Amino acid sequence: MFSFSSTVQPQVTVPLSHLINALHSLKGSVVKPQRRERRTEQELHVTEPSWSLRDVGLADLGAGQLDELVNRLLPCVTRDVFSEPPRAETHPWRTSYLSTESFFHNRYGFSVAKMGAASPVFCRPSSSPLQTACADLNVWPVLIQRRGFKTLKSKTRRLQGGFEQPPDTDSFTPSFMKGLLMRDKGQVPETLDNLLKSKSIPDAHHDAFKTGFAEGFLKAQALSQRTQESLRRTRLILLVLLLVGLYGLSKMPFLSVRFRTTSGLDSAVDPVQMKNVTFEHVKGAEEAKNELQEVVEFLRNPQKFTVLGGKLPKGILLVGPPGTGKTLLARAVAGEADVPFYYASGSEFDEMFVGVGASRIRNLFREAKSNAPCVIFIDELDSVGGKRIESPMHPYSRQTINQLLAEMDGFKPNEGVIVIGATNFPEALDNALIRPGRFDMQVTVPRPDVKGRTEILKWYLNKIKVDPAVEAEIIARGTVGFSGAELENLVNQAALKAAVDGKDMVSMKELEFAKDKILMGPERRSAEIDERNKVITAYHESGHAIIAYYTKGAMPINKATIMPRGPTLGHVSMLPESDRWSETRTQLLAQMDVSMGGRVAEELIFGNENITTGASSDFDSATKIAKMMVTQFGMSEKLGVMTYSDVTKQSPETQAAIEQEVRTLLRDSYERAKALLKARAKEHKNLAEALLRYETLDARDIQMVLEGKTLGTR
């Protein structure tokens, strides 16, 4: 700041830069150019900002005082020749002559040449107060720049702010110092009265403005409060989740998640009443029903056995192939005894969460004990009661089976609860689970025999519309090895076939179709087979049928067909009269002869050069029978009554002997089939022609053809 207090009253204090700019504006008015020879179009539109006396705080000065101030501060206009600049010792202020004539011309509009020998410069014959002050301070002589041109940057600044702003000192201040210096500098809040004045709101609307302002402030405050409360709740929830997660991480092995908050973990188990299922619904398992009848009687009248000192069996294990009716037997036990029935699958107890399986076992037995006497049925018991192993990856895998063992026969009594388990893989069960005291009884549920299959077929045939001429015994004889579930599927497939064909009821044709579809696959009627292959197939299948019909000990023929089905081009199905529990040597040799009949027929009819690959499966079955006769059944005269479970572990001499005996059996079988087909060449030809004509022949048709009778129109 610069103060002039000696001559100017009252005292006026203004920034020195503002004063200099104002005086320069006054200085520019001293020399008034008459014309400019060159002015750009941009300069015509740019007007230099002028500073008034009010802007610099000199409004109170009079005319005489202003003239005196100008004369004392500004240099006068004289004509001085560019001969020699004044000396520093007499004139401490120098004039800069750095600008050329072009800048002087652009600034004032006329050149130096038009003024004669001298050019106008600003000088001062006597020292000004400012010069005197500088001389008293012993400062070095300075140069006062007198260039009149202005750059584009200075023009932009003058257009925007009216004068050139001082450099921004904040850019040179470190960030940590800015925070320290600006700590106490806050924005001054504007009062409501000043806001009313600045917005020019009429007096009549002041009250409405204040009311609206207050309402908006209150709403904003309420919204801010709700936001803060929501943030607090969110932080609290995140904190709780973090603590729970840390607790789980501290308790888990190998960084596996361990949470005990599984849904439905502590929920009660509801029993199921099986009043509509009894032993009458179980077919083909008479022995299993007889053994379970004792359990039913114990559940009905437990005092009858406890008087004699007997105890209720704790567990019954049902073992058998899939589909034999183990689950149905368990339901029938509950239905016959009219007690609550709790059903559970072994996989329901096994989950990724530690302790879930053991907890569900406890809940199940707790509910069962409260409703005793009752039945607990655990299906697929091997999934929960498998052999216990020590695994570092699953240290808690034994908790479920340990809990099951304790519930069945532990320290606490478990009276009135019978556990029925079902499995088709009893070898995988833990030894502690199948011992007496836990599973006291082990009931085997085998595949049904011909009598059981007949009962099952009749049971399911009564549920559909069936032709009265249907003989369930014939279907049962042709379905050796079928389980109850497979027989149910057979009847269902026959019903679907009858519906597709548009028939009103199911006949034997649909049942045979369903049986062949299950055994050998669907028919391939779209397969295009040339006539030559059809003839070869007809003679091949006829060879099997001839050997089976005329060989002693062979199974009776059920059907012969050359219709492609599955991977085969034709087949001959055999129908045993009854289930064979054991087979004689004659029956085994007859099966080998029947298998050789197809290749022998091809060789006799088409020659040794035209035999086909269709006999590969026949040779495979014949070879298996011959090996079993030699190594397992003791039917070799050379090797004697000795079994060889693993031929590869025998000596080379023994292996060679076994191989020689198998070759002998197969060669003899081939020769017997060839001799029989040569003797029955006429019947062989007639049967092949009948197959080419009708494609499929049943047992009665085959018998008529072999007896020389003619088949009617079919």
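Mentor: D701 counts as buried because its relative accessibility is 11%, where buried means under 20% relative accessible area, exposed over 50% and partly exposed in between, with a 1.4 Å probe and protein chains only. This is a predicted model, in which local features need pLDDT of at least 70, side-chain atom pairs count only at pLDDT 80 or more, and totals for chains, interfaces and linings use all residues. Residues are numbered from 1 along each chain as its sequence is written, and side-chain values use heavy atoms, with hydrogens and water left out.

Trainee: In which helix is the place of D701?

Mentor: Helices (H or I, at least four residues) and strands (E, at least two) are DSSP runs, numbered from the N terminus. D701 belongs to helix α24, residues 699–706, and its C-alpha atom is separated by 8.9 Å from that of K559, 142 residues apart along the chain.

Trainee: Which strands pair with β12?

Mentor: Two strands pair if DSSP finds at least two bridges between them. Strand β12 (residues 557–561) pairs in the antiparallel sense with β13 (residues 571–574) over four bridges, A560 standing opposite V572. Three bridges join β12 to β14 (residues 696–698), also antiparallel, and there K559 has D698 as its bridge partner.

Trainee: Why is β12 largely enclosed by the rest of the structure?

Mentor: Five of the five residues of β12 are buried, so this strand counts as largely enclosed.

Trainee: And which helix holds L243?

Mentor: L243 lies in helix α9, residues 206–251.
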